[in-house]
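Have the coordinates open alongside.

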Amino acid sequence: MSSISPEEVAKIAKLARLKLSQDEIALYQRQMSRILDSMAKLRQLDTQAVPPTASVPWIEPSPREDEPAAFSNASALVALAPEREGPYFKVRKVIE
Amino acid sequence: MSATWEMICGLEVHVQLATRSKLFCSCATDGFGASPNSRICPVCTGQPGVLPVLNDGATKLAVKAALALGCEIREESIFARKNYFYPDLPKAYQISQYEKPLAENGSLAVAVKDAPSKTVGLQRIHIEEDAGKLLHAIGSEDLDYSLVDFNRAGIPLVEIVSKPDIRSPHEAYAYLQALKEILQFAGVSHCDMEKGEMRVDANISMRRAGEPFGTRVEIKNLNSFKAVRDALDYEGRRQIAALEKGERIIQETRLWDADVQATAPMRTKEEAHDYRYFPDPDLPPLHAPRSLVEAMRRELPELPEARRRRFIEDYGLSVSIANVLTGSRELADYVDAVAEITNPATATPTAGNLIATVLLGFLSERSLDLSRVIGRVTPESLGKLTLLIADGRISKTMSKEILAEMLNSGRDPEEILKERGGGQVLDEAQLAQWVRAAIDQSPKAVADVKSGKERAIGAIVGAAMKLSQGKANPTILNKLIKEELAP
């Protein structure tokens, strides 16, 4: 009962910047289809009386006042980067 | 543009909300021009395990923007993740709003020169976070890699999407001006385009009148309102030329190149967009309850249109001067402050004219902002100057010279006047001497006045004025001559 095609798996992999072999595409096709089948089963439930939920209820954080507070170790964040130059993060060229 | 073609245009405008801290973390928003990556933290650089916490100030400003633009506001809206990979986006998704934006169905009155004002519909306003800034060159030297500065990442924006109601490049320009004006007045944003606080993308297609909408093209890299106008003008012509040759318009994104005044297809390594939006599980729904909306409505200042009307009705300013003086909130506030001092209101038109001609002329000649001279020519000192005119102590011509001097030196108008020989002579004893001498010199005019030709008095005033070397106050001269010649 396959509800997702190999082409769709390949497209999702591409959007997620994953390089998959043919075997992996077949594997994920089976796994993702099973997930979708489970969702399809849930969909059979009558949810008429349930309001649409974008996120599960939790204790809402009290709103944050618009008051700046500097993070004390900004340079450490740059130091974590695989590549950097001076105060900058360095990445592969993105424009041609 | 051929008369049979009609332009269909909608604008997407990103505006930076004037908060002090970022949208989901406490990093400061003053990073423009600061050292790179000095306003960053684990949240806005997308470190694992962090959670966003919404800035209450951003919500309030976004609600204000929605109110000022006449939108319906959702009590509960949803933050969504917009997924794409680009190095300016540390989390590989941007927190935005998709299915349920904060506000919808607004409108903006747009005054197009030489045409009746029209209303442009607004489709939606939603809150989202800004991305970082990429650097591809240092000075004129192109890099073979890119550098990233996240000072801007996470700064709160609202995206304001118009309906496709705009029909010409001029309308687009006027829409942007009206939008900027209203957002500045409402205190929502500074809209400083040079700092990237207001950014515009345009969607444009052409159709023959009455036909359905054609394929649209998105134009980016529009760095000024003028660039928007020029790019739409160019792109409209390009599309007409293609359509008239029987070609099809490709739905694509094009970049405006101001140097060559043309658009060209964008070339990036980015795949066709498929953002896979979904509700952000890290954030609860955004609540904008009635109470908040009403509180923001009360805080909303008088908006440009209302203020223009008040300037005309209460201050007696002409329509054109009122338009000029409501060009920014700062300027309009300045005018209000001057008007408080120049009461009664009769003196305000004089002050308004001085501001519109001399003061703004001075600023534009030197490309200065009003804020640069407010300290030098305070509303108090400009008010004083206006009162000197109202009291007849100086002429309008002289007032312009004095204001120019005030702008240059920041000195007090009274002081400048004293230095220049005290301006007009008001002393009645001195004036009476000139009046008597003038009467002696003008027997014919005197005879005419006595026989009832009131107008002949002008010749005597003229003679007295000449004797005073132009320093006498003409109103008092007039009064004294009448008294002298009264039967």
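**Salt bridges.** I searched the whole structure and found 39 salt bridges over all chains. I counted a side-chain nitrogen of Lys or Arg within 4 Å of a carboxyl oxygen of Asp or Glu. The model is predicted, so I kept local features to pLDDT of at least 70 and side-chain atom pairs to pLDDT 80 or more, while totals for chains, interfaces and linings use all residues. Residues are numbered from 1 along each chain as its sequence is written, chains are lettered from A and ligands numbered from 1 in the order in which they are written, and side-chain values use heavy atoms, with hydrogens and water left out.

I looked up B:Arg20 and A:Glu67, whose side chains form a salt bridge at 3.1 Å, N to O. B:Arg20 is in the loop between S1 and H1 of chain B, and A:Glu67 is in the loop between helix H2 (22-43) and helix H3 (74-79) of chain A, so this pair joins two chains. For helices I took DSSP runs of H or I with at least four residues, for strands runs of E with at least two, numbered from the N terminus. B:Arg20 is partly exposed at 46% relative accessibility, and A:Glu67 is partly exposed at 45%. My cut-offs were under 20% relative accessible area for buried, over 50% for exposed and partly exposed in between (1.4 Å probe, protein chains only).

Next I checked B:Arg199 with B:Asp130, a salt bridge of 2.8 Å, N to O. B:Arg199 belongs to strand S11 (residues 198-208) of chain B and B:Asp130 to the loop between strand S7 (118-129) and strand S8 (133-138) of chain B, so the contact ties together parts 69 residues apart in sequence. B:Arg199 is partly exposed, at 24%, whereas B:Asp130 is buried, at 6%.

**Rings.** How many aromatic pairs are there over all chains? My search of the whole structure gave eight. I paired rings of Phe, Tyr and Trp (its six-membered ring) with centres within 6.5 Å; planes under 30 degrees apart are stacked, over 60 edge-to-face and the rest tilted. B:Phe24 and B:Phe79 are edge-to-face, 5.5 Å centre to centre with 80° between the planes. Both B:Phe24 and B:Phe79 are buried. B:Tyr275 and B:Tyr277 have ring centres 5.9 Å apart and planes at 70°, so they are edge-to-face. Ring pairs link B:Tyr84, B:Tyr98, B:Tyr275 and B:Tyr277 into a cluster.

**Charges over rings.** I required NZ of Lys or CZ of Arg within 6 Å of the ring centre and within 35 degrees of the ring normal. The charged end of A:Lys90 sits over the ring of B:Tyr145, 4.2 Å from its centre. B:Arg229 lies over the face of B:Tyr173, 4.4 Å from the ring centre.

**Helix H2 of chain B.** The buried ones include B:Tyr175, B:Leu179 and B:Phe185. After H2(B) comes B:Gly187, with a positive phi near 75°.
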